[in-house]
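Biologist: I would like a close look at one part of this protein. Please keep to the open spaces in its surface and their linings.

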Amino acid sequence: MSEREEECAIGGDILEEIISHVPLVDLVSANSVASSWRSAISTSLLRLNTVKPWLMLHSQSTRSPSAVTTLAYDPRSHLWMEVQQPSSSSSSSSSSSSSIHYFSLLRSSPSSLLYMLSASRFAFSMDPLHLNWEVAAPPIGWRPDPVVAAVGNHIVVAGSGAYCGIQDDDTIPPLEIYDTTTGTWEWCDSMPTELMDSAASTWLSVAADQNKMYVSVKRSGVTYSFDPRTKTWCGPYNVRGDDVESVFFSVIGCGGKGMIVVGLRGEAEDVRSVVMWELLVETEGRRDEWEMPFQLVEKLKGESEYMPSIHLNVMGDFVFVHNPLEAREVVVYEVKEGACRWGSVTAAALDRDSCRFRNLVVSCSNVTLPYLERARNSTLLTRNKTHAF
């Protein structure tokens, strides 16, 4: 009997190939079967079908209690899932919580940071599935539409109180920095004039790496960088290069090898093309440029030809682009070794009509197998499978 079992045992390359077709979330239980399985899973994830950043769609009710439904898409498994958050308490006064009471409009910036901001509280989460939140005192100055970015151990909140007719004064600094290690706020009294003239996330695109925050004017492409450790600005930089005239709108994100810029050519009523390029900001040196296939541009537009803006999320080699007027459809780029692979995914679980009356927030996260093992108490429900990308 033992000889037959050994002959029938699945292992080596065959097991690794099988594992490459198993969704990452289902590998959590398989990883605890035996040491040989753990080794095969590790090898398969490294060589055959690697872990990829997840796309996250957060649909928030505009009515009290502002409940949020979160859908997650795993490009590795072509799988949509619903993330079941731990039950929240009616109060969220502690500095750290495994659940959150949604007390204001949910926002994301950039890519993996979710936050809520009111006159009395500031809550944020950088957890991959946003199962854990931190709650802190709000910044001193109230900003109705701030630019927010996580840079290392700092969260930068920038913007002018003069936006939307609110009179600015000397008590509201243009920029405040929250230190996540000490739980304290610091001020910065300087901000480039070109950014102050449009100091709101409606007009400014923001990106960040571990050292700097980058802020770009969406209409002109004029870009500056900010170092929260030294509280210094650098720039301006021209991230559009020779496309200053043809591109009427652009957004930025930080990828694995530099800055990603995505721009719209033409005009809002007639977008001719969507282009993406990779560059080094300080030298303004463009590395590669790609143009989105026509059929994906049409998907991005949706039912309307009018597309005045786009939103961008970047994580590693993956770039997620969506039209805020048609957030159910997301175009996905995978940039690897100078080549760009295109595709799109549709959140079929989100009803198109009901989306018009909800706050839709798009983000992305690095979700790993060890993280899923630690987050066993959260439930992931499979919604549908798609082979669009």
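How much space lies in the second largest pocket?

Modeller: This is a predicted model, in which local features need pLDDT of at least 70 and side-chain atom pairs 80 or more, while totals for chains, interfaces and linings use all residues. Residues are numbered from 1 along each chain as its sequence is written, and side-chain values use heavy atoms, without hydrogens and water. The second largest pocket holds about 460 Å³ of space. Its lining has 26 residues, and P110, S112, A150, A208 and M315 are the closest to the centre. (A pocket is an open set of points on a 1 Å grid over the protein atoms alone, where a 1.4 Å probe fits, with protein on both sides within 12 Å along at least five of seven lines; lining residues have an atom within 4 Å of a point.) Strands β13, β17 and β21 each supply at least two residues of this lining (strands are DSSP runs of E, at least two residues, numbered from the N terminus). β21 gives the most, 4 residues. By class, the lining has 13 nonpolar, 11 polar and 2 charged residues.

The largest pocket holds about 900 Å³. R107, S108, S201, K218 and H311 are the closest to its centre, out of 37 lining residues. At least two lining residues come from each of β5 (107-108), β9 (147-151), β13 (204-208), β17 (247-254), β21 (311-315) and β25 (358-365). β25 has the largest share of that lining, with 5 residues. The lining of the largest pocket counts 22 nonpolar, 11 polar and 4 charged residues.

Key. Grid points are joined across faces, edges and corners, and a volume is the space filled by probe spheres set on the points. Ala, Val, Leu, Ile, Met, Phe, Trp, Tyr, Cys and Pro count as nonpolar, Asp, Glu, Lys and Arg as charged, and the others, Gly among them, as polar.
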